[in-house]
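Structural terms rest on cut-offs.

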Amino acid sequence: MSLSLSAEKPAVPDDADDGVWLECIECGETFPPFEDVRYTCDECGGLLEVRYADLPTFEDFDGQGVWRYAAALPLEAGVTTQEGATPLYEVPRLEESVGVEALRIKHEGMNPTGSFKDRGMTVGVAVAKELGVDRLACASTGNTSAALAAYGSRGGMETLVLLPAGKVAAGKIAQASLHGARILEVDGNFDACLDIVQELAAGGEAYLLNSLNPFRLEGQKTIGLEILEGFLADYDAVPDRIVLPVGNAGNTSALYKAFRELVQAGELEESEVPKLTGVQAEGAAPMVEAIENGADEVRRWDEVETRATAIRIGNPVNAPKALPGIRETGGTAIAVSDEEITDAQRDLAREGIGVEPASAASVAGLRKLRAEGVVDDDERVACLTTGHLLKDPDAAAAAGHDPEPVPAETEGVLEHLQS
Ligand SMILES: *Cc1c(COP(=O)(O)O)cnc(C)c1O
Ligand SMILES: [Zn+2]
C-alpha cells in the first residue's frame with residue numbers, strides 16, 4: 001500500500017514536472033502537477049498526493065518559516081506573509097499535572113492570521129497562481145476562510161467562502177470580511193458547505209482550497225518538520241508522540257506524509273516516527289469511531305455539535321490518508337467533552353498560552369489518555385494548538401471570569417478590592 005510507512009520510494013512517471021507529480025492514493029494513477037486543475041483522481045475519484053523524485057534531508061532546510069522547507073515543497077516560493085516558525089512552548093506546570101517526561105505546545109495560533117491554515121495557503125495560493133486561476137474558494141468552519149481571504153488578497157485574486165450560518169466564531173468572520181472575501185452564509189453545517197463548494201469547483205467556478213487540495217497539505221507538512229527540528233535541538237531526539245485536534249484530518253495526513261518522506265529519505269527510522277494521536281469533540285467524532293472499530297472507512301455523521309466550532313465536522317475528507325497515519329505510527333484517537341476542552345483551554349491560559357476551543361482539544365485528549373494509561377509517564381509529547389484565543393472571543397470570555405464594575409474613584413476601587 002502506497003501509504004505504508006515502509007513504502008519504497010516511488011518510480012518517477014512521465015507525468016512528472018521537474019520531479020513533482022500527483023498520484024492517486026487508491027489506484028496509483030499519476031498526473032502532471034500544474035497542467036490542469038484537478039483535486040481527485042480522474043480514474044477512481046480517490047485522494048491525490050504530491051510526490052517527489054528527490055526527498056530532502058534535514059541539511060537541505062535553510063531560512064525561517066514555511067519556506068525554510070522549500071526542498072520538501074512543490075514550489076520554490078509562495079505568496080507569503082511569513083507564516084510558520086511558530087513557538088514550541090515549554091509548559092512546566094501543565095507537564096507536571098499531566099504527568100509526562102516532557103510536554104511542549106506547538107502554538108499554531110501564532111501564524112499571521114492566527115491558525116495553521118496559513119501554512120497550507122502560502123503553498124496553495126502559489127499553486128493557484130501557477131495554474132493561472134483568478135478566483136479561489138473554500139468551505140470553512142472559519143479559519144480556512146480567514147487564511148484564504150488574506151492570502152488570496154495578497155496574491156491579487158478574488159475569494160469566495162462558504163460558511164455554516166451561525167456556527168463560525170466572530171474573529172474569523174471579521175478577518176474574512178476585512179480581507180475582502182465574498183462570504184456566503186449557508187443554512188447548513190460545514191459538510192454541506194463542502195459538498196456545495198466541491199460542485200462549484202468541479203463546474204469551474206473557482207479553484208478549491210480546502211484540505212482536499214493536495215497542495216495545501218504540503219504546506220502543512222512543515223508543522224511536523226518544525227516540531228522534529230525543535231525536539232532534536234532540545235532533546236536530541238524526536239518526540240514520542242504528537243497529539244492534535246482533528247477536523248477534516250488534513251494535519252494528521254500532512255504530518256504523516258512529512259514523516260513518511262523522512263523515512264524514505266533515510267533521515268528517520270521507522271521506529272522513531274512519533275505516534276500520531278488525534279483528538280475530536282464527542283459531538284463530532286467520526287474518526288475516533290473508525291479507529292475504535294478498526295474500520296477502513298469513516299461513517300459520515302449527519303448531526304454534529306461542539307463548542308469547538310473549528311472541528312465541528314462529520315465527514316472528514318482526508319480520512320483515507322489519516323487513518324493509515326494513526327495506525328502505522330502506533331497512535332490512537334480519542335474523543336473529549338466540551339467541558340474537558342474548556343478545562344484544557346484554562347490550563348493553557350494559566351501558562352500564558354491563549355488558544356481557541358478546538359486547539360485545547362489536544363491537551364484535553366492527552367490528559368485523558370495519560371489518565372487511562374495509554375500514554376506512558378516516560379513519553380516526550382508535543383501537543384498542537386491550532387488557533388489563537390482571539391479567534392473566538394465569546395468562548396474565551398465564557399471560559400474566563402467576568403469583569404467587575406467599580407466607581408471612577410480610587411477610594412471606591414480600594415473598597416471593592418478589600419470586599
Ligand atoms: C482547521 C482547524 C482544525 C482542523 O484541522 P484538520 O487538519 O482539518 O483536522 C483544528 N483546529 C483549528 C483551530 C482549525 O482551524
Ligand atoms: Zn485513482
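The questions below set values against definitions.

This is a predicted model, where local features need pLDDT of at least 70, side-chain atom pairs count only at pLDDT 80 or more, and totals for chains, interfaces and linings use all residues. Residues are numbered from 1 along each chain as its sequence is written, while chains are lettered from A and ligands numbered from 1 in the order in which they are written.

Q: Why are α10 and α11 called roughly perpendicular?
A: Angles of 65 to 115 degrees count as roughly perpendicular, under 35 as roughly parallel, over 145 as roughly antiparallel and the rest as oblique. Angles run from 0 to 180 degrees between N-to-C directions, and axes are lines fitted to C-alpha atoms, for helices over the stretch in contact. Helix α10 (residues 338-350) and α11 pack at about 95°. Therefore α10 and α11 are roughly perpendicular to each other. Their axes lie 7 Å apart.

Q: What makes the contact of α10 with α11?
A: Two residues are in contact if their C-beta atoms, placed from the backbone, lie within 7 Å. Among them are Ile-341 and Leu-348 of α10, and Ala-360 and Arg-367 of α11. By class, this contact has eight nonpolar, two polar and five charged residues. Here Ala, Val, Leu, Ile, Met, Phe, Trp, Tyr, Cys and Pro count as nonpolar, Asp, Glu, Lys and Arg as charged, and the others, Gly among them, as polar.

Q: What makes β5 and β13 a pair?
A: Two strands pair if DSSP finds at least two bridges between them. Helices (H or I, at least four residues) and strands (E, at least two) are DSSP runs, numbered from the N terminus. Strand β5 (residues 102-107) and strand β13 (residues 380-385) have six bridges, in the parallel sense. So they pair. Ile-105 stands opposite Cys-383.

Q: Why do β8 and β9 stand at the edges of their sheet?
A: The sheet is open, with four strands in the order β8-β7-β6-β9. β8 and β9 each have a single partner strand, so one side of each is left without a neighbour in the sheet.

Q: What makes β7, α4 and β8 a right-handed unit?
A: A crossover is right-handed if, with the strands pointing away from the viewer, the path from the first strand over the helix to the second runs clockwise. β7, helix α4 (residues 170-178) and β8 make a right-handed β-α-β unit. β7 and β8 pair in the parallel sense over five bridges.
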